[in-house]
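This report describes a predicted model.

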Amino acid sequence: MKLMEGYCCRTIEEGAAAGAAAGGAVPGQRGADDPRPDAVLGRPGPAGGVVGAGAVRRLPGGPLHRVHPLHRAVHKVFANVRPDAFHLIGHPFGKKLFGDHNLIYMFDQAHKDLRRRIAPNFTPRALATYAALQQRVILAHLRKWLALSSASASQPVSLRLLCRDMNLETSQTVFAGPYLSREARERFNRDYNLFNVGLMALPFDLPGSAFRRARLAVSRLVKTLAGAAAASKARMRAGAEPTCLVDFWMQNSLREIAEAEAEAAAADAEEVGGHLFDFLFAAQDASTSSLCWAVALLDTHPEVLARVRDEVAARWSPESGEPIPAEALREMRYTEAVAREGAIVFPSVYESSFQGFPDPARFDPDRFSDERQEDRVYKRNFLAFGAGPHQCVGQRYAINHLVLFIALFASLLDFKRNRTDGCDDIAYVPTIVPKDDCQVYLSQRCARFPSF
């Protein structure tokens, strides 16, 4: 769920030179001792840069991979915004899928201007609006998960695909709100699945190929989102209040147009539709991975789970019948620490996110406490959301999503992992998830589910 431009990229001069000097592999290339299949190397990643090109830490079974001494090169990559310094190496036909206006390909003033236009979509007011929408979707899916578990009490429920579906509906609801009909959402889901399949297929743009189907699916997805942007623009022009991300975007675009006619291009529906697709793509795989590992880690750390439940209960009750207020969400500092500690359990750019931290392989949310502040002390090494000018523009939204899920899941459900041999081994899909797709037994914990 990380809305950032940190896809699979490198600097020609600094990145390659630093990698060679450190004795390591350049992103997208295989190290001599790297056992991973080619399919997981160098695929564009939604959050930390390169999905399938790094290490993980703090998984239930402890450290699972070595840490590579290339973190200085990572910062040079993220800090360098010269157009001649970056080359997308993850997909040879990436522009055919993502389009020329994707954040991956933007630099200099165009990149700065777009980030400036995006910023009003993530103000505290906007985030509070999204939080209510996020909770309604999460709650509806938790009900479904509980029903699935109740229907076959002797069989565990696999969470990965359930989390993926929940995240896709959350993105649709938060980004496009009321502008997607049920029919449009069903088509959207089918097209997004075609896109995912094609993204991992061989890039042969031939009739009937998975790549061609993916490219055509993206065109349909962008048109659908462009239609949502146009409808939102008309509604905002009529003076309505924003209810989703595209509303906040169109409201700000209309304000810019009123102030300077030269800014009219910022409100082009087709371009906005393309950027909304970028957001939606960035909000899927990494978020699904993070949610699965959050559940797995809470299961193996009951003392952490107890602290999360106590913190949430002190600020919100399911019996209130209301969503968790934005103020209470901001006060859930320990639950946010758990979310941050679990948000970086997918491969990172140069295996560098875990450099410097004391005992980095240990699951220790208190490292983010006000007393220790390791996220600030080792800020240069915490790269879950990138760094520099290409840092994730939607990281607050992403963290809120993780916190809200953890708070609701832990408060409303009791859960127990179906632990089997190798269940915590890594599966690349292409972000990393538990090999067993995080199988759990679920039961209702609260007296009754909220009704918001």
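## Glutamate 374 and its surroundings

Beyond its neighbours within four places in sequence, glutamate 374 is in contact with Phe357, Pro358, Arg367 and Lys379, where contact means heavy atoms within 4.5 Å. Glutamate 374 belongs to helix α15, residues 374-377. Helices (H or I, at least four residues) and strands (E, at least two) are DSSP runs, numbered from the N terminus. The relative accessible area of glutamate 374 is 6%, and the residue is therefore buried; buried means under 20% relative accessible area, exposed over 50% and partly exposed in between, with a 1.4 Å probe and protein chains only.

## Positive phi values

Glutamine 373 is not a glycine, yet it has a positive phi of about 50 degrees. This glutamine is found in the loop between α14 (333-342) and α15. Glutamine 373 counts as partly exposed because its relative accessibility is 28%.

Aspartate 437, also a residue other than glycine, has a positive phi near 65 degrees. The loop that holds aspartate 437 runs between β8 (432-434) and β9 (439-444).

## Basis of the model

Residues are numbered from 1 along each chain as its sequence is written. In this predicted model, local features need pLDDT of at least 70 and side-chain atom pairs count only at pLDDT 80 or more, while totals for chains, interfaces and linings use all residues; side-chain values use heavy atoms, with hydrogens and water left out.

## Packing of α6 with α5 and α11

The axes of α5 (124-151) and α6 (residues 159-176) come within 9 Å and cross at roughly 150 degrees. Axes are lines fitted to C-alpha atoms, for helices over the stretch in contact, and angles run from 0 to 180 degrees between N-to-C directions. The angle therefore makes α5 roughly antiparallel to α6; angles under 35 degrees count as roughly parallel, over 145 as roughly antiparallel, 65 to 115 as roughly perpendicular and the rest as oblique. α5 passes α6 in a right-handed crossing, in which the near helix is turned clockwise from the far one by less than a right angle. Among the residues that make the contact are Tyr130, Leu133, His141 and Trp145 of α5 and Leu162, Asp165, Glu169 and Val174 of α6. The residues of this contact divide into 11 nonpolar, four polar and two charged. Ala, Val, Leu, Ile, Met, Phe, Trp, Tyr, Cys and Pro count as nonpolar, Asp, Glu, Lys and Arg as charged, and the others, Gly among them, as polar.

Helix α6 also packs with helix α11 (residues 285-300), at an angle of about 130 degrees and with the axes 9 Å apart. α6 is therefore oblique to α11. The crossing of α6 over α11 is right-handed. Contributors to the contact include Arg160, Arg164 and Asn167 of α6, together with Ser287, Leu291 and Val295 of α11. Six nonpolar, three polar and two charged residues form this contact of α6 with α11.

## Helix α9

Helix α9 (residues 245-259) has 15 residues and reaches 21 Å from its first C-alpha to its last, close to the 21 Å expected at 1.5 Å a residue; the expected span is 1.5 Å times one less than the number of residues. α9 is mostly covered, with 11 of its 15 residues buried. The buried set includes Phe248, Trp249, Asp247 and Glu256. The buried residues of α9 pack against α4 (108-118), α5, α6, α8 (210-237) and α10 (269-282).

## The chain as a whole

The protein chain comprises 16 helices and nine strands. Of its 452 residues, 58% count as buried.
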